[in-house]
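Subject: Two-chain model, handover and notes

Dear colleague,

Here is the model I said I would pass on. Please look it over alongside the notes below.

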Amino acid sequence: MRYLPLSAADRAAMLDVIGAQSVDEFYHDVPEAARLGGKIDGLPDHQGELAVERHMAALAGKNRTASEGPFFVGCGAYKHHVPASVDHIIQRSEFLTTYTPYQPEIAQGTLQTVFEFQSQVAELTGMEVANASMYDGSTAAAEAALMACRVTKRKKVIVSGGVHPHYAETISTACETQGIEVIVLPAAFDDEAALSTYAADDVACLMGQSPNVFGTVTDMTAIADAAHAHKALFVSVFTEVVSLGLVKTPGEMGADIAVGEGQSIGNPLGFGGPYVGLFACSQKLIRQMPGRVCGQTVDADGKRGFVLTLSTREQHIRRDKATSNICTNAGLCSLAFTAHMTLLGGTGLEQLAMLNHEAACDLADALEAVPGVTLKTDRFFNEFAFETPMEAGALLEALDTKGVVGGVRASRVYPGVAELENVVICAATECNTAEGIAAYAKALGEVLS
Amino acid sequence: MTQQTTSGSRGLLQHEGLIFEFGSNDSTGVDLPEPKGRKSRLGGVTRAAKPALPGLSEPEAMRHYVRLSQKNYAIDLGLFPLGSCTMKHNPRLNEKVARMPGFSDIHPLQPMYTVQGALEMIEQLATWLKTLTNMPAVAMSPKAGAHGEWCGMAAIRAALYARGEGETRKRVLVPASAHGTNPATAVQCGFKVQEIRAAEDGRVCIDDLMSKLEGDTSDVAGIMLTNPNTCGLFERDIRKIADAIHEAGGYFYCDGANFNAIVGRVRPGDLGVDAMHINLHKTFSTPHGGGGPGAGPTVLSDALAPFAPVPFIRHDEDGFHLVEDAGTGDAKDSFGRMCAFHGQMGMFTRALTYMLSHGADGLKQVAEDAVLNANYVQAKLKSVMSPAFEGYCMHEALFSDAFLKESGLETIDIAKGLIDEGYHPMTVYFPLVVHGAMLIEPTETESKAELDRFCDALEAVAKAAKAGDEALKSAPYLAPLRRLDETQAARKPILRWTPPEPAEAAE
């Protein structure tokens, strides 16, 4: 076995030092009935690299990749170009094969990158502070809802109909077990504003998304004001972090907590994970924040250094009184995020955001010109919804036969909503070419004619 | 040498500032096409100013991260004996496979018929997990160990509500030796925690446990028990515990963090377990990555399987399908969704690659070598340090600080002394039930020669500490930084970079 260094002679010599006859002695506490004689049935024996690689490659080969042709699927995960150096950086042994920086003297590499990550996320979202990352955007949103309930000591959360339905479900699942009422408003292309009417003295937070799941960009300042008038919090959600290169930030809109998905920067589509959840809030709320946080300090010689801090919130100290049961962050994915963001800088990010927006504008122009197509999103960044006379699933399959992966049928994330049966959500990024966009419009025209 | 250098660097160890201190808001390390300048459709919802984020050219960025990386300890650099974390070698084939475009460049919401290989891959991994644990079902979406704990406890909660006892059964028994995530998870799921004492031998105190299951047990929801436990010992009464909790009407959640010690040799399904999460980043070698991402698939018994979270995969003559909507069809009793999309695919590909590489025979050898290595470390150090308990251990050797009595030194000093010897310290001060605990998990991927070298180093540090070597109190001396002031960090939190105050206009 190529991953096991001990030889038979080593094992014998070691048993000798221990004073045991065989490894079976170490398992003497296992109830007799549960001791397996030989190896487990029904599984193959070990294989060499070549055989394993062939097996996995065969499975990989059955999937259609986003780079094979015109591809316009978004809805919470986005196809972007990641610079080659990013993957090289995250495969450095010292980053890949280390653990949570519990011993800061020999983990300054990880800690400094986390500090830089937190600083970038805070600046990007326009918030005062950020944590070291969460599992993904949806779990970050759920933690934000729980945090709002802790801060306000209230047990009611209002989620707009524009928040990604997977996020809304994740929030509902997490809150239900703690007796928190979650009201998810009906799906709406452009009605984040409806949240304001739900502000009340028993509401912990209003949660709105911009750009929302249909791509609609909204200035949510009035929603934040409505929440604050009732001493409730406003949580601003996003699923496309590249949008923050152009659109109004959660901080500018008066958000108390900003959460979102960071996958677009540094991380591949990867069939949905692992991704990197971004979590930022105002300074005064930091002691209720979930997850890991890195802070600046000095060492015994007075040199600047970084440590994990505010751990009295966390499960390993507080146990049943912890703010969250979270024990990891999205380490390597957040490193990919910060490295890609460092390559972009503010200038590169803004330019990338513009390219995304222009690609989506070009796509909207091209699709709107097709007879039978109605755009459902007025203000958008790189994603919008459109409706046709055809059921969306059938439409997408027909497009696929013409080589175009056209987006997500809205009914996949909103099952059973009749008004959305014919709606497609589609995204365009810097990866989409003019030829691809033209191919989409042409295919759509043929399918609908 | 201790002299200051002009550059702040010392030989191979390069000084490196923050990107905010030397990067410029105008530079960038990517070449993008110029935007065409077409009319915006953002409706005026724009940010006031471009983000003030420094950019670096590619060579500067590479240097920044490589220099920082060299301030990290890592498995590829040396033995990483962090107990309960299972810091084993991360095979590079796993990395190669995870990056195959057929896995890394597919979208979670593209039509299911275009991702049949991905769904089949997840099903193959699920089959391995179910076979290795002898459990009938597995929830694949939990994104880390603690998320898997939450999954298992949420399934228990849903099962209790389905029985009409959700409001009354709120008591969850948790041993004092449990990892902090266990009580935190139980509370997050709406339960109340009742602690069970540890016995003298490091296992759960059976008398205490049984006394808590005497009389009226109509409020008992279940138990969360780690096995092998955090003291590195197998709970020999586990069947009795499982029977007792079932008799009381509760469920048995097993924390599978230490599955590495028994994989291929013992199946949790044979021990009466109802739910158990499996840390793919421990037992199945997916990289720890500086603190994530993890993955925590959770196996479930027949009693809990109907309540599993969405999505899950079903297979019929038309191929593989994701069942995504809770409350309908096969998912009518599902407790809901735990995250967007379908789980940690990138960890699934790595874990399956690892399993195929080892096979059933190799995984059994993994467990045996892990346990052998730990017992070897315990045997080599027991005359110098104080084993916390009598007898053999499983995959990790636990010592108390008893041997430091009257030395004036503490566990932390041993840990920091070990850094100067070129090793990452063991887990310290955990589990809480052992005074000044030092928990050493060498894993199966260490050679005998490396173990000998490590034991020699630790023995030397332990002897120096025992002899009261004051110098250890200020260790480490040879790391990139000396001991850090954690109190200051917590008292006045600085969590982000801010531009320095403009210098006082003194002139």
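This is a predicted model: local features need pLDDT of at least 70, side-chain atom pairs count only at pLDDT 80 or more; totals for chains, interfaces and linings use all residues.

Residues are numbered from 1 along each chain as its sequence is written, and chains are lettered from A and ligands numbered from 1 in the order in which they are written.

Chain A

The C-alpha atoms of chain A fill a box of roughly 80 × 55 × 50 Å along the principal axes. Chain A has 13 helices and 13 strands (DSSP runs numbered from the N terminus: H or I of at least four residues for helices, E of at least two for strands). Contacts are counted where C-beta atoms, placed from the backbone, lie within 7 Å. Among those in chain A between residues at least 6 apart in sequence, 73% join residues at least 24 apart.

Chain A splits into domain 1 (84–340) and domain 2 (346–448), with bounds from an automatic or database domain assignment. Their C-alpha centres are 28 Å apart. Domain 1 of chain A gives 16 residues to the contact and domain 2 of chain A gives 22. On the domain 1 side, nine of these residues are nonpolar, five polar and two charged (nonpolar: Ala, Val, Leu, Ile, Met, Phe, Trp, Tyr, Cys and Pro; charged: Asp, Glu, Lys and Arg; polar: the others, Gly among them).

An open, mixed sheet of seven strands in chain A has the order β1-β7-β6-β5-β4-β2-β3, where pairing takes at least two DSSP bridges between two strands. β1 (129–130) and β3 (181–184) of chain A are at the edges with a single partner strand each, so one side of each has no neighbour in the sheet. Strands β4 (residues 205–209) and β5 (residues 233–238) of chain A run parallel and are joined by five bridges; G208(A) has S236(A) of β5(A) as its bridge partner.

Two helices lie on this part of chain A. Helix α6 (residues 137–152) of chain A lies across β2 (156–159), β4, β5, β6 (257–261) and β7 (277–281), at about 165° to β6(A). Helix α7 (residues 165–176) of chain A packs on the sheet and touches β2, β3 and β5, its direction making about 165° with that of β3(A). Axes are lines fitted to C-alpha atoms, for helices over the stretch in contact, and angles run from 0 to 180 degrees between N-to-C directions.

Chain B

The assignment for chain B gives domain 1 (94–354) and domain 2 (363–487), with C-alpha centres 31 Å apart. Here 18 residues of domain 1 of chain B are in contact with 19 of domain 2 of chain B.

In chain B, the axes of helix α10 (residues 345–381) and helix α12 (residues 448–466) come within 10 Å and cross at roughly 35°. Residues in this contact include Y376(B) and V377(B) of α10(B), and L451(B) and L458(B) of α12(B).

Between the chains

Contacts link 173 residues of chain B with 168 residues of chain A. α10(B) supplies the largest share of the chain B side, 22 residues. That side divides into 85 nonpolar, 54 polar and 34 charged residues.

Regards
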